[in-house]
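Here is a friendly walk through one protein chain, from its overall make-up to a few single residues. Please keep the viewer open while reading.

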Amino acid sequence: MRRFKGLLALLVVFALMFSLAACSTNNATKPQDTSQTATETVKTQFPLKVTDFLGREVTIDKKPQRIVSLAPSTTELIYALGVGNKVVGVTDFDNYPPEVKEVPKVGGFKGPNIEAITAQKPDIIFASTLSGKEQMESLEKMGVPVVMLEAKNIDQIYQSIRIIGQITGTEKKGEELIKQMQDKIKEINDKVKDLPKVSVFYLVSLDGNWTAGKGTFIDELINLAGGKNVAEDVNGWAQYSVEELVKKNPDVIITSPHAGNVKDIKNMAGYKDTNAVKNDKIFVISNDDIIARASNRIVLGLEEIAKFLHPEAFK
């Protein structure tokens with residue numbers, strides 16, 4: 001049973017990594033700033049050249065009518081831009097919006113299924129580094145353009161929106177979506193920025209004591225929500241020592257529905273000695289996806305965390 005729980009914890013962490021596509025900015029290739037390209041290019045002009053998140057210049061011969069998305073976050077953005085009807089292939093992890101469940105699945109834990117992808121005759125593939133380098137190179141050799149999107153912070157979500165908008169001819173909708181996100185983030189941050197910072201520990205999984213460190217969306221959201229991530233001394237998804245947790249003594253613990261029973265957390269050695277447990281400040285996020293996926297829904301996660309940390313600001 002212990003071995004099964006350990007495997008389950010690792011699968012949870014892997015699923016979160018897949019949603020985000022990568023969680024640490026330390027070894028990431030910095031993407032090119034695409035905002036200028038998006039404004040200078042006439043949206044009906046094809047062939048179109050875009051620079052993706054690996055700094056590669058990708059040529060797209062025609063406006064795509066058949067899109068394969070190999071990252072749930074990208075799928076969400078495509079639908080948010082109003083071109084979800086052009087999506088013909090997604091991964092097993094895609095679950096939003098609800099209509100995406102009807103789209104053929106072309107990848108999962110074992111990576112992308114090349115045969116399933118080619119069967120959909122895509123005009124373009126939006127991928128991440130978790131999609132598999134060799135598989136993507138094979139598809140490119142078949143003449144299918146592959147655009148790598150790898151947002152690791154909110155500003156890079158805006159870049160993703162601009163790239164997708166440029167390729168799909170939805171630049172105006174993309175700028176509206178970005179503005180909506182920026183306005184919501186400002187609204188939330190304005191409510192909490194002058195309030196005392198609250199120390200926070202985010203528990204990804206009790207089994208192994210996994211947390212979200214520096215370079216994750218969760219870390220960024222905690223800071224924007226008026227908190228301080230006590231695990232900012234580690235990078236990405238990491239196992240955190242209980243001894244260090246006790247030393248940091250967070251005021252609030254935030255966790256997810258699958259991370260572990262709240263009662264178990266309260267009774268666990270180390271945890272029960274923290275201010276968070278003593279003051280009954282353990283909160284469960286409604287949905288992992290709104291804090292781990294690089295999509296426009298990240299603002300929902302921000303608002304939820306801000307309300308946990310500073311409920312007085314939202315009365």
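In which helix does K278 lie? K278 belongs to helix α11; helices here are DSSP runs of H or I with at least four residues, strands are runs of E with at least two, and both are numbered from the N terminus. This is a predicted model, in which local features need pLDDT of at least 70 and side-chain atom pairs count only at pLDDT 80 or more, while totals for chains, interfaces and linings use all residues. Residues are numbered from 1 along each chain as its sequence is written, and side-chain values use heavy atoms, with hydrogens and water left out.

**Around α11**

K278 counts as exposed, at 58% relative accessibility. The classes are buried (under 20% relative accessible area), exposed (over 50%) and partly exposed in between, with a 1.4 Å probe and protein chains only. Leaving aside residues up to four places away in sequence, K278 touches K272 and D273; contact means heavy atoms within 4.5 Å. K266 is 12 residues from K278 along the chain, and the C-alpha atoms of the two are separated by 8.5 Å.

A269 sits in the loop between α10 (262-267) and α11 (275-278). A269 is exposed as well, with a relative accessible area of 53%. Although A269 and E243 are 26 residues apart in sequence, their C-alpha atoms are 9.7 Å apart in space.

**The whole chain**

The chain has 13 helices and 14 strands. Of its 315 residues, 53% count as buried. Among contacts with a separation of 6 or more, 63% come from residues 24 or more positions apart.

**Cores and buried helix residues**

A nonpolar core is a set of buried Ala, Val, Leu, Ile, Met, Phe, Trp, Tyr and Cys residues joined through side-chain atoms within 4.5 Å. The largest one holds 59 residues, of which F126, V147 and I167 touch the most other members. Why does this core lie between domain 1 and domain 2? Domain 1 (48-177) and domain 2 (192-313) both give residues to this core, so the core lies between them; the bounds come from an automatic or database domain assignment. Another core, of 13 residues, lies apart from it and includes L245, I253, I265 and I282.

The contacts of V147 beyond four places in sequence include V50, V58, I60, F126, I163 and I167, and also the charged residues D52 and R56. F126 is also touched by T74, which contacts S69, L149 and I164 too, not counting residues up to four places away in sequence. T74 is found in helix α3 (residues 72-80) and counts as buried, at 4% relative accessibility.

Helix α8 (residues 217-224) has F217, I218, D219, L221 and I222 as its buried residues. After α8 comes G226, with a positive phi near 90°.

**Backbone details in loops**

| Site | Angle | Loop |
|---|---|---|
| F46 and P47, cis peptide bond | omega about 0° | P47: between α2 (35-40) and β1 (48-51) |
| Y96 and P97, cis peptide bond | omega about -5° | P97: between β4 (87-89) and β5 (107-108) |
| N249, not a glycine | positive phi about 50° | between α9 (242-248) and β13 (252-255) |

K121 is exposed, with a relative accessible area of 63%, while N249 counts as partly exposed at 24% relative accessibility.
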